[in-house]
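Work through the exercises below with the structure open beside you. Try each task before you read its solution.

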Amino acid sequence: MKTKPDLSFWKLWNLSFGFFGVQIAYALQSANVSRIFATIGADPHDLSYFWVLPPLMGLLVQPVVGTLSDRTWNRFGRRLPYLIVGALVAVLVMCLLPNAGSFGLGISSAIIVGLIALMLLDTSINMAMQPFKMLVGDMVNEKQKGLAYSIQSFLCNAGSVVGFVFPFVLAWVGIKATAPDGIVPDSVIWSFYLGAAILLICVIYSLVKIKEWPPQVYAEYNGEPENKDGKKEKTNFIHLLKKAPSTFWTVSIVQFFCWFAFLFMWTYTTGTVASKAFDTPEVNKVDAISDGSNTVAGKFILVNDTTTIVENGRPLVAGVMHGESYLAARTIVSAAGDTLVKDSKVFYSDKGPATQIGAQIAQAGQTINIDGNPVTLSAPAKVADYLATLKGSVKFSSGQSVARDHNTGKIEVMEKEDVTIPNVQAAKYETHKDLDTSSKQYNSAGDWVGILFAVQAMGSVLWAVVLPRFRSRKFSYALSLLLAGVGFVLSGIITDKYMLFIPFLLIGCGWAAMLAWPFTILTNSLKGGNIGAYLGLFNGSITIPQIVAAITGGWILSAFSTPGEIAPQYIMMIIAGISMGIGALCVGFIKEGKEETPVKENIPVSEDI
């Protein structure tokens, strides 16, 4: 078998350049998924459930792509066909995901569209990411692999920083950073568009610059490709796990608490920062209308199937109660010239809602503007919703999934329940408090989270330089996780947006150690032909804790929540810090050193983690 030739710096660069575009896509997903689903209308207690998909797709897709690409040989190469398919799907889905709330669908339908888009996006990102890691193994000799992976690490971190800061930068240059309730702001949508464009450019560049070796040349440098005859080799993962060295399990325990914590960070940082550091206003979201014996539940509620009175969990303004009389109004401007109601909705300024339903807006003798017409009041006036104007027996319809025709404004209820309330004057709204996701403060917080994640990435790069200088690998590992734990706790407490840089720099220390030490410690304990198989199995120590965190996150948050009040998402950051602290303590159980596993089978599994 021939020795692989040395490659020039730029050839090594070209092998990994596409990783820059892929990582931008991954960073946009990590920083904005919770924000997107919260904006669409998802309950904070449900946010973690959406995060089941990314690690689940990683668990399923990465080994499959690695195994299939081992057996692929065609005109496009061995690994590049999977890059082409994954990148093209990612580009399309990146244009779909942030628009899930823009198609006129009800909340349930919009969330389903978003979930499908998220599943496809994460699958395609994993598919596009795999080839770059495997190309280094295929074409780079042992002497240059350190440099090759360093270049890949640089491009990975650079792509992360770019993806994280995109929404903030676009908002800074003037792209609209707020949007109507239920719709993702343009600054986020265009961030995904730009990320998709850069990903496409990077992939085209890679296809032009990378020339994979044909099978004959590959065999000369790497030996005969495995499974060349197309036959599937038998695997016995259970046997491997039974014979795994103790280091495999002790490091996996540490991994569990670390990745459990980071899933909470990705899920709850936006809500935490919005409530703690940006004073995001609260809003009462309607859950139902009830008169004590009859209840109409739904985020959309109509009267007699014709008039929408609750939309996206908010009661719509009907007009003005002027003494005992009622004046219908879609737009209300105060005597001072301030817009109070616009298009039947309470008007929100940069400082929050201009008024609220039931609030007195003028005294007798003042002149207000109703739908463009001045009206001089003979009695005090207050903002009224439809419920306050209804009399007698009224039939309500509720729908969790509705579609609005943007041309006619007609709402079609797809799933509805009809209830007649005999005495509508006894009916009241059942509500809960939530952060106003359409406010400027919430969207500014969402943009700032990207900056904080970029700070974390840069902190990780700096700490990665320091890590090798410690004499004890275990000490540096435990210290890094402990620093990250402190960072998580502080991120749930600090109320100054600039001071938040400190905890996220500390979190970056833990991230650097998580990327470096587990695999180093594990591979040092393995010997023989099963290293690839064990690294493939070790991928479960990354994905499984994330899946567990995603499934249990909503339940944990509910345990600390007060019914009707805003979900305390900052508590989840503190819990993440405690989890990292437990992980740091568990480092003490790791025994480093060579542990030869007696397993004889050579089972090829993707080495990507």
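**Exercise 1.** Is Phe-501 buried, partly exposed or exposed?

*Solution.* Start with the ground rules. This is a predicted model, in which local features need pLDDT of at least 70, side-chain atom pairs count only at pLDDT 80 or more, and totals for chains, interfaces and linings use all residues. Residues are numbered from 1 along each chain as its sequence is written, and side-chain values use heavy atoms, with hydrogens and water left out.

Now take the cut-offs: buried is under 20% relative accessible area, exposed is over 50%, and partly exposed is in between (1.4 Å probe, protein chains only). Phe-501 has a relative accessible area of 25%, so this residue is partly exposed.

**Exercise 2.** Classify the ring pair Trp-448 and Phe-501, and say which helices it ties together.

*Solution.* Step one: apply the pair rule. Rings of Phe, Tyr and Trp (its six-membered ring) pair if their centres lie within 6.5 Å; planes under 30 degrees apart are stacked, over 60 edge-to-face, and the rest tilted. The whole structure has 29 aromatic pairs. In this one the centres are 5.6 Å apart and the planes at 20°, so Trp-448 and Phe-501 are stacked.

Step two: place the residues. Helices are DSSP runs of H or I with at least four residues, strands are runs of E with at least two, and both are numbered from the N terminus. Trp-448 is in helix H13 (residues 440-466) and Phe-501 in helix H15 (residues 501-524), so the pair joins parts 53 residues apart in sequence.

Step three: check the partner. Trp-448 has 5% relative accessibility, so it counts as buried.

**Exercise 3.** Which charged residue sits over the ring of Trp-448?

*Solution.* The test: NZ of Lys or CZ of Arg must be within 6 Å of the ring centre and within 35 degrees of the ring normal. Lys-497 passes, with its charged end 4.8 Å from the centre of the Trp-448 ring. Arg-473 likewise lies over the face of Trp-517, at 5.4 Å from the ring centre.

**Exercise 4.** Is Leu-462 buried or exposed?

*Solution.* First locate Leu-462: it is found in helix H13. Its relative accessibility is 60%, so Leu-462 counts as exposed. Then look across the sequence. Leu-462 and Cys-509 are 47 residues apart in sequence, with their C-alpha atoms 8.3 Å apart in space.

**Exercise 5.** Which residues form a cluster with Phe-9 through ring pairs?

*Solution.* Follow the ring pairs. They link Phe-9 with Trp-10, Trp-13, Phe-17, Phe-20, Phe-154 and Tyr-205.
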